[in-house]
Amino acid sequence: MSTTTRTRERTVSPSRRLRALSREQLPNRQVAGKSLLYAILIVLAMIYIAPFLIQVATSFKTDGDAASNPMSLLPQTWSTAAYERLFLNSDFPVWFQNSAIVTVFVTLGRVFFNSLAGYALARLHFRGRNVIFALLIAVMSVPGVVLLIPKFLVINQLGIYDTYVAMIVPLLTDAAGVFIMKNFFESIPASVEEQARIDGAGTFRVFWSIVLPMARPALVTIIILSFQGSWNELSHFIVATQSPELTTLTKGVASLASGQLSQGTQYPLKLAAAAIMTIPVAVMFFIFQKRIMNTTDGAVKE
């Protein structure tokens, strides 16, 4: 080692040496912190996933195995009897079809009408707009169960009880969806609409061609919430229909608890139906997951 190098080492202050050591130790601390964080997240994920795994595993068990080993993730004897009973010896296909029809129409209707209402409250100036928005907020604070009897009375008076119309029309709009769309439209600069208006575009043309494509993150949110809400809806269908031909998945699966299809606990049967119900919602979420997280999509610089 040269004399110059030794002289530099002697001139380095103790504080600089401590900082250099802390920089060397920092990556190790970061790795330890990330490892601990990942371990906690894995434990939390397993807590949430475990019930679903037990549900799927139990659906492939026999009734006796499900009753004696309810928490086991591996059936002693793999059996598809529960699924065969659902699809071959029950009205499960009819329930699934009714839920699919209602969910598709309700989702499309909410996307369209919630967007229209949200744009009107955000951009159009008319008398009573603030009153309508206040009533919208008030409706959001009312528990849904309180509105069941008024819903039934209105549906019955309109003569649409026990029809697809009664199942779909009352669900075509929701206060939360209008609120979400209104807030998102207000975040879009009004200047983007000026050029279209100068070119002679009307209000609906500006909404449909200019503003709505920019609201994709909010639309994806409405699609997911509407699909999940209408697919899992139960209380409205109870007061809107009574015919077995119009039974949805939620009503049908709930009826399994009364021993409709067979005797015994029917754990595999119930959990098989619940597992099938979960699939469409899970697929919908994974399809739109990246888009709903992309909150900057459609952003405009002024």
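A: The chain has 15 helices and zero strands; these are DSSP runs, helices being H or I of at least four residues and strands E of at least two, numbered from the N terminus. This is a predicted model, in which local features need pLDDT of at least 70 and side-chain atom pairs count only at pLDDT 80 or more, while totals for chains, interfaces and linings use all residues. Residues are numbered from 1 along each chain as its sequence is written, and side-chain values use heavy atoms, with hydrogens and water left out.

Of the 302 residues, 34% count as buried, that is, under 20% relative accessible area with a 1.4 Å probe, protein chains only (exposed is over 50%, partly exposed in between).

The structure holds 16 aromatic pairs. Rings of Phe, Tyr and Trp (its six-membered ring) pair if their centres lie within 6.5 Å; planes under 30 degrees apart are stacked, over 60 edge-to-face, and the rest tilted. Phe92 and Trp95 are edge-to-face, because their ring centres are 6.2 Å apart and their planes stand at 65°. Both belong to helix α5 (residues 92–123), three residues apart, so about one helical turn separates them. Phe92 is buried at 0% relative accessible area, and Trp95 is buried at 3%.

Phe185 and Phe207 form another edge-to-face pair, with 6.2 Å between centres and 70° between planes. This pair links distant parts of the chain, as Phe185 lies in helix α9 (residues 175–187) and Phe207 in helix α11, 22 residues apart. Phe185 has a relative accessible area of 0% and is buried; Phe207, at 1%, is buried too. Ring pairs also join Phe185 and Phe207 into a cluster with Phe112, Phe113, Tyr119, Phe204 and Trp208.
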